[in-house]
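Trainee: Hi! I'm new to this one and would like a walk through it. Could you take me from the overall picture down to single residues?
Mentor: Happy to, let's bring it up.

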Amino acid sequence: AALPRGRARTVIYLGLECRCWYRCPTSDPGAVPFAVVAMRGLAESRPSRDVTFTPPDIVLFTYDHDMDDRGLFYYIGTQGRTQPWQNPALAGWVTATRSSDGVGKASDLTGRQPCNSFTTDEPNSWWQVDLGAGRLFTPTRYTLRHNDNPKNVQYRLQSWRLEGSVDGADGNWRTLDEHTNEPNAIPARPDAMATFAVAPERAFPARRFRVFMTG
């Protein structure tokens, strides 16, 4: 969640519902045609390892409700629904970073249990996820979830940008969605969630996603 005037502390869960997920050949990521899919979840900062299952080049997901078992990160966290769930960030199947470490750890973002996790109180704080080589997504909606501490309700996100990038280089981030001074965007209660649309004209396939806090 974000503090006033560009300072940010808390983000627990980011869910993305996407129109495409496809596995690209590592030798030529641009060679794979566009496809349709849904993706939800986020990641943690640790070296990614090769997944132990080989998904099809195109996997379709059907969103039902927030925190269901039909999204991408649930799919990765169960190795294609072949194993019991485990946090895909802790397993090393996705990688994420955040601008600074306050409480908790970045892997909290891909967990399925409410918790308390946030960056330090600094302007322009962000959380970022790298889906890994060969994964591209085009989001159509995304879900933000506040933490479960009643004392932190005041710090819920009010101003932010959802950004995407293929390579994560400075200057190569594009805005997918943005909100400014919206105190009611996420309900003022612990563990609250809200889903936001990505306009079709802004959507594009990306490997990395970032929630950049602007207020």
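Mentor: Let's start with pLDDT, which is the predictor's confidence in each residue, from 0 to 100. The mean pLDDT of the protein is 74, and 73% of its residues reach 70 or more.

Trainee: What kind of model is this, and what are the ground rules?
Mentor: This is a predicted model, where local features need pLDDT of at least 70, side-chain atom pairs count only at pLDDT 80 or more, and totals for chains, interfaces and linings use all residues. Residues are numbered from 1 along each chain as its sequence is written, and side-chain values use heavy atoms, with hydrogens and water left out.

Trainee: Which elements have the lowest and the highest mean pLDDT?
Mentor: Strand 1 (residues 2-3) has the lowest, at 33, and strand 9 has the highest, at 97. Residues 1-12 have pLDDT below 50, and beyond near neighbours in sequence this stretch has 64 contacts in the model. A contact here means heavy atoms within 4.5 Å. Residues 22-51 also stay under 50, and the model has 110 contacts for them beyond four places in sequence.

Trainee: How many helices and strands are there?
Mentor: The protein has one helix and 11 strands. Helices (H or I, at least four residues) and strands (E, at least two) are DSSP runs, numbered from the N terminus. Along the sequence the pattern reads β-β-β-α-β-β-β-β-β-β-β-β.

Trainee: What about contacts between residues at least 6 apart in sequence?
Mentor: Of those contacts, 71% join residues at least 24 apart.

Trainee: And how much of the protein is buried?
Mentor: Buried residues make up 54% of the 215 residues. Buried means under 20% relative accessible area, exposed means over 50%, and partly exposed is in between (1.4 Å probe, protein chains only). The protein exposes about 9500 Å², with carbon and sulfur atoms supplying 47% of it. Those areas come from the Shrake-Rupley method with a 1.4 Å probe, and for residues only the protein chains shown count as cover.

Trainee: What counts as pairing, though?
Mentor: Two strands pair if DSSP finds at least two bridges between them. In general, strands of a sheet pair through backbone hydrogen bonds, either parallel or antiparallel. Here, strand 4 and strand 6 (residues 126-130) pair in the antiparallel sense over four bridges. R98 stands opposite W127 in strand 6.

Trainee: Which strand does strand 7 pair with?
Mentor: Strand 7 pairs with strand 10, in the antiparallel sense and over five bridges. In strand 10, T195 stands opposite T143, and F196 is the bridge partner of Y142.

Trainee: Are those two strands covered or uncovered?
Mentor: Strand 7 is mostly covered, with 10 of its 11 residues buried. Strand 10 (residues 193-197) has a covered face, A194 and F196, and an uncovered one, M193, T195 and A197.

Trainee: Where does R141 sit?
Mentor: R141 is in strand 7 (residues 135-145), and it is partly exposed, with a relative accessible area of 31%. The C-alpha atoms of R141 and F196 are separated by 5.4 Å, although these residues are 55 apart along the chain.

Trainee: Which polar contacts does S117 make?
Mentor: The side chains of S117 and D108 are joined by a polar contact of 3.0 Å. S117 is found in the loop between strand 4 and strand 5, and it is buried, with a relative accessible area of 0%.

Trainee: Last one: what is the phi of N124?
Mentor: N124 has a positive phi of about 60°, although it is not a glycine. N124 lies in the loop between strand 5 (118-123) and strand 6 and is partly exposed, at 44% relative accessible area.

Key: A polar contact is a pair of N or O atoms within 3.5 Å; within protein, one must be able to donate a hydrogen and the other to accept it, and residues adjacent in sequence count only if both atoms are side-chain atoms.
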